[in-house]
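Me: Please take me through this model by question and answer, giving the cut-offs as you go.

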Amino acid sequence: MQLFKRKRNRIRAGDKSLIFRFAASSLLRLFFMAMILLNLKTIITTDWNSVTLFSGGNIQFHLTPYRIVTFIISTFICLAAALSYYRFRYDKVKQLLHRQKLARMILENGWYEEETSQDGGIFKDLPLDGKKKRITYFPKMYYRMENGLLHIQTEITLGKYQDQLLHLEKKLETGLYCELVSKELHDSYVEYALLYDTIANRITINDVQAEKGRLRLMKNIWWEYDKLPHMLIAGGTGGGKTYFILTIIEAMLRCNSVLYVLDPKNADLADLAAVMPEVYYKKEDITACIDRFYNGMMERSETMKHMENYKTGENYAYLGLPPHFLIFDEYVAFMEMLTTKENAAVLNKLKQIVMLGRQAGYFLILACQRPDAKYLGDGIRDQFNFRVALGRMSELGYSMMFGEVNKDFFLKQIKGRGYVDTGTSVISEFYTPLVPKGYDFLKEIGKLTQDRQDGQAACEAEAAGTD
């Protein structure tokens, strides 16, 4: 229960007007403090023993020009304070708004219990003029914002509102404008973790890094390819799919990864053939590359077992071997070019790669406009643990990517935006790394490739000199 000892706010029925109560109480205090300070001299010098508030049945209050000025100044101070608080404590305002929305959600859905009491007060013999309602049960719900995540914890009591409280994902996502990251069931509690202000976690291409078997794609999102291998990317024209793949290629070249790039449409990725090896666009060359990639995986699987420091349960990284990535763009378009026999042969090789590649360090990145089950059958699609859907997609396309899920998908006119499943079966909003306008991928990738070749040549020369 250590999780629930952190500072959190209990959602109560009175929070339905939380913002008004907070603003009114804070600004009224500030207003009276400002009035007192501005009239401090008058307050100190006044003989309060001779002051009478009432005279002849009327209130004695003299409205002077100075008092009018101090009233206006105090009002402006309150307005300035409110605007400054909203500007510099925006997260605090959003927290108040979230708590207010949660309270109203419970009240408007009727997830509480109340009783009606009849009380005549002191005079019991007088007739009752009304009924008083009192809430006897209000669900225990707690709210906490931490590190850009909203943590909402709800007690599960086996009561009649249990089903509603166990399935709040859609209401929370749409109502709080957040994205569900995880949902965990604890002892008598269910906790929803939602990502607040997702676009603020977007990173630039310079921040994309691959290390220790994982690739960083957002501030809070990593593709852990050593644990959850193989990536599936889907998206239509203009969704940012090509730039996303180029970003991955550049990031992988900064480490010791070995890359194979396939572009059957001879489009943007095929241009990389001018600056790096193992880039193919012809049908025969693509088929041959897939065969070599598969054979390399099988050969490494055998070789690893005979290495001196081999240990059961450890993978390629433990032995100091580099990962290999087969980046296959427009996969469905390529499969439609093949005959039935060729199609079956390629599909069989890819199936073996996704089933056996993790231990040997052979990973597949597949990209297409829509992951048609016709070319991703026999459970192959289920082996892609990291899935990204970019740009505009139909409901059928989303169901092909993520399966039948209880989630609403929304379109925003932001290039590089989509949805991601990092392997946890929780779908959240995703933004590809930002690429500066005019960024030259060919130049940068060519420079990285040349640096790698120069380094390898230097190592070979040093080894030859030692011999």
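Me: What is the area of the nonpolar surface patch made by Leu28, Phe32, Ile36, Leu37, Leu40, Ile43 and Ile44?

Reply: This is a predicted model, in which local features need pLDDT of at least 70 and side-chain atom pairs pLDDT 80 or more, while totals for chains, interfaces and linings use all residues. Residues are numbered from 1 along each chain as its sequence is written, and side-chain values use heavy atoms, without hydrogens and water. The seven-membered list Leu28 to Ile44 gives about 690 Å².

Me: Which helix supplies the largest share of the nonpolar patch?

Reply: Helices (DSSP H or I, at least four residues) and strands (E, at least two) are numbered from the N terminus. At least two patch residues come from each of α1 (18-38) and α2 (40-45), and Leu28 lies in α1. The largest share, 4 residues, comes from α1.

Me: How many residues apart in sequence are the parts tied together by Arg144 and Glu191?

Reply: The whole structure holds 16 salt bridges, among them Arg144 with Glu191 at 3.8 Å, N to O. Because Arg144 lies in strand β6 (residues 141-146) and Glu191 in strand β9 (residues 189-196), the separation in sequence is 47 residues.

How values were computed. Patches are made of residues with over 30% relative accessible area and no salt bridge: like charges are joined within 9 Å, nonpolar side chains (Val, Leu, Ile, Met, Phe, Trp, Tyr) within 5 Å. Accessible areas come from the Shrake-Rupley method with a 1.4 Å probe; for residues, only the protein chains shown count as cover. A salt bridge is a side-chain nitrogen of Lys or Arg within 4 Å of a carboxyl oxygen of Asp or Glu.
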